[in-house]
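Subject: Structure handover

Hello,

Please find the structure below, followed by notes on what was found in it. Definitions are given where a term first comes up.

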Amino acid sequence: KGDSALSEVSLMKKQISALEGQLKALQASFAKYQKVATFPGGRTVGNKVFITSGYEGNFDDMKQRCLQAGGQLASPRNAAENAAVQQIALLYQKPVFLGITDIQTEGKFKYLNGDTIVYSNWHPGEPNNDKGTEDCVELYGNGKWNDKSCGEKRLIVCEF
Ligand code: 289
Ligand code: CA
């Protein structure tokens, strides 16, 4: 009985070491495909991936496209995430609409799930609700935010 318990342990050790090898190979493969999938218009911050199709659309278009793809509009929640979206705006030389609006209550900017924003990076003087028609938020190439009319066309950046 003692011998069979020993051989069972040594078999399990072999199985664990084989699994460790497979995990390592999978990790390397995942890292490679992550690079492939985010080239050139994607950026990873922690577990979040921001990526653009390179197309432009108005806010409703963009929201739909990101949802259809299983993600949502880019909603940077800290400086690192904002910098990632900024890099995409710079690469494509186009401002980006964020998944943030004050459509519900003027002046209260919220994420698409209705939560109040936890981070902002307004350009000086913004948000100004110019002409009383600006409920969406665009991110400029300098990373700063401006409230802007939702009907304008901006670069589509989704987050997953
Ligand atoms: O229609 C006005 C917008 O194009 C923007 O014009 C100026 O950059 C500023 O007044 C912005 O606040 C405004 O959103
Ligand atoms: Ca504005």
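The centres of domain 1 and domain 2, taken over C-alpha atoms, are separated by 42 Å. Domain 1 covers 1-37 and domain 2 covers 38-159; such bounds come from an automatic or database domain assignment. Four residues from domain 1 and four residues from domain 2 make the contact, where two residues are in contact if their C-beta atoms, placed from the backbone, lie within 7 Å.

Before going on: this is a predicted model, in which local features need pLDDT of at least 70, side-chain atom pairs count only at pLDDT 80 or more, and totals for chains, interfaces and linings use all residues. Residues are numbered from 1 along each chain as its sequence is written, while chains are lettered from A and ligands numbered from 1 in the order in which they are written.

The largest nonpolar core has 24 residues. A nonpolar core is a set of buried Ala, Val, Leu, Ile, Met, Phe, Trp, Tyr and Cys residues joined through C-beta atoms within 7 Å. A residue is buried if 20 or more other C-beta atoms lie within 10 Å of its own, exposed if 12 or fewer, and partly exposed in between, with C-beta atoms placed from the backbone. Among the residues with the most contacts inside this core are Ala-74, Phe-97 and Leu-98. Leu-98 also touches Val-137 and Leu-139, among others.

Elements that each supply at least two residues of the core include α3 (79-92) and β4 (96-101). Helices (H or I, at least four residues) and strands (E, at least two) are DSSP runs, numbered from the N terminus. The buried residues of α3 are Asn-82, Ala-84, Val-85, Gln-86, Ile-88 and Ala-89, and their cover includes β1 (42-45), β2, β4, β6 and β8. After α3 comes Gln-93, with a positive phi near 55°.

Two peptide bonds are worth a look. The one from Phe-39 to Pro-40 is cis, with omega near -10°, and Pro-40 lies in the loop between α1 (2-37) and β1. Another cis bond joins Glu-126 and Pro-127, with omega about 0°; Pro-127 is in the loop between β5 (110-111) and β6.

The loop between β5 and β6 also holds Asn-129, whose phi is positive, near 45°. Asn-129 is partly exposed, because 14 other C-beta atoms lie within 10 Å. Lys-131 is found in the loop between β5 and β6 too, and has a positive phi of about 60°. Lys-131 has 7 C-beta neighbours inside 10 Å, so Lys-131 counts as exposed.

Regards

Key. Lists of a residue's contacts leave out its neighbours within four places in sequence.
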